Amino acid sequence: MNYLDYLRTDKFPHFWCSGCGNGIVLCAIARAFEELDLTLENTVVVTGIGCWGKADDYVRTNSFHGTHGRALAFATGIKLANPSLNVVVLMGDGDGITIGGNHFIHAARRNVDVTAILVNNFNYGMTGGQYSGTTPEERITTTSRYGHIEEGFDICAVAKAAGARYVARASTENPQQLKNLIRDGIKKQGFACIEAISPCPTHFGRNNGMRSPAALMRWVNENSVTPAQAVAMSEEELAGKLVMGLICDRPGEDYSTKYQHVIEKAQSEVKK
Ligand code: SF4
């Protein structure tokens, strides 16, 4: 399979704005599928709501378009019903970590064997650029015209603290790194979270003096550090920085495997 075989190119051009990073993330996912030689039949893409939630329109794998913030709940059910499936969950920051924050924390804690790809553009793009749970403090959005007064979530820090087995971050400016991290996250048995930093020039960029995607990516680059650089930095120096790359990769039996042990124990009790 070629990466284009995973995409419904007959549906193009996609509906995303010019300069939006969503298309780059979708391409990175298709290329990761190609490298892993995934079959269409054994792969399910689950989405929530929002600009990125439209991505299931453009894949040829099985797909499920869920409700706002609940994509991980549907994905958990799909994985438990058929653990042999590759379940890839696509969520935005508003969908996945804000409205769906509770589902996110508990899917990571349970170690459900799904790959969550969170596209973070720091605001609710589809509904007009309101602030989300990742909007940085002091940034302007349509609901924080004088500067946001809350601190934004660090998605990867939340995922790691909640127990995710594989946590990584890349930006759309480095699609090769993004593709590699997505590929390794899918290979990982257990909950994998890959955060993709992606520009929303239409709202977040325009509201914050970075109208062009290039200006947005410059801002991301200026605030990015590698995991090796982060180790040498103090907490104050790291404030507001984005650590790009693999952040954690740890072992642990996934939820479906443990659940299978429970089924076997129960069945042996019945036989006694
Ligand atoms: Fe992308 Fe923002 Fe346009 Fe949505 S509103 S498609 S996130 S640029």
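Predicted model: local features only at pLDDT ≥ 70, side-chain atom pairs only at ≥ 80, totals over all residues.
What volume does the second largest pocket have? The second largest pocket has a volume of about 200 Å³.

**Stop 1**

Select Ile49, Gly50, Cys51, Tyr124 and Gly125, which lie closest to the centre of the second largest pocket among the 18 residues that line it. Next, select residues 93-99, helix α3, which provides the largest share of this lining with three residues. Colouring by class shows six nonpolar, 10 polar and two charged residues around the second largest pocket.

**Stop 2: the largest pocket**

Turn now to the largest pocket, which holds about 830 Å³ of space. Its lining has 27 residues, and those closest to the centre are Asp154, Leu238, Ala239, Gly240 and Lys241. To see which elements surround this pocket, select α5 (155-162), α8, α10 (235-238) and β8 (242-243), each of which gives two or more residues to the lining. The largest share, four residues, comes from α5. By class, the lining of the largest pocket divides into 13 nonpolar, five polar and nine charged residues.

**Stop 3**

In soluble globular proteins, nonpolar side chains tend to be buried together. The largest nonpolar core in this model has 32 residues, and Trp52 and Ile182 have the most contacts inside it. Two or more residues of this core come from each of α1 (22-36), β3 (86-92), β4 (115-120), β5 (166-171), α6 (175-187) and β6 (192-197). Helix α1 gives the largest share, seven residues.

Centre the view on Ile182. Apart from its neighbours within four places in sequence, Ile182 is in contact with Ala28, Ile29, Ala32, Ile117 and Ile194. A second, separate core has 27 residues, including Val87, Val114, Cys156 and Ala162.

**Stop 4: Asn22**

Return to helix α1 and select Asn22, which is found in it. Is Asn22 buried or exposed? Asn22 has a relative accessible area of 1%, which is under the 20% cut-off, so this residue counts as buried. Leaving aside neighbours within four places in sequence, display the contacts of Asn22: they are Trp16, Cys51, Trp52, Val119 and Ser198. Among these partners, Trp52 is one of the residues with the most contacts inside the largest nonpolar core, and Cys51 is one of the residues closest to the centre of the second largest pocket.

**Stop 5: the cavities**

Rolling a probe the size of a water molecule over the atoms shows where empty space is left. How many cavities of 30 Å³ or more does the structure hold? There are two.

The largest cavity has a volume of about 50 Å³. To find it, select the residues that line it: Asn121, Phe122, Ile197, Ser198, Pro199, Cys200, Phe204, Leu216, Met217, Trp219 and Val220. Helix α8 (residues 213-222) supplies the largest share of this lining, four residues. The lining contains nine nonpolar and two polar residues, with no charged residues. Ser198, a contact of Asn22, is part of this lining.

Finally, select Tyr6, Leu7, Leu26, Ile29, Ala30, Phe33 and Val59, which line the second largest cavity. This cavity has a volume of about 30 Å³. Its lining has seven nonpolar residues, no polar residues and no charged residues. Ile29, one of these lining residues, is also in contact with Ile182.

Technical notes
Residues numbered from 1 in each chain as written. Heavy atoms only, no water. 1 Å grid on protein atoms, 1.4 Å probe; cavity = no way out; pocket = protein on both sides within 12 Å on 5 of 7 lines; lining within 4 Å. Points joined across faces, edges and corners; volume = space filled by probe spheres on them. Nonpolar A, V, L, I, M, F, W, Y, C, P; charged D, E, K, R; others polar. Core = buried A, V, L, I, M, F, W, Y, C linked by side-chain atoms within 4.5 Å. Buried < 20%, exposed > 50% of the residue type's maximum accessible area, 1.4 Å probe, protein only. Contact = heavy atoms within 4.5 Å.
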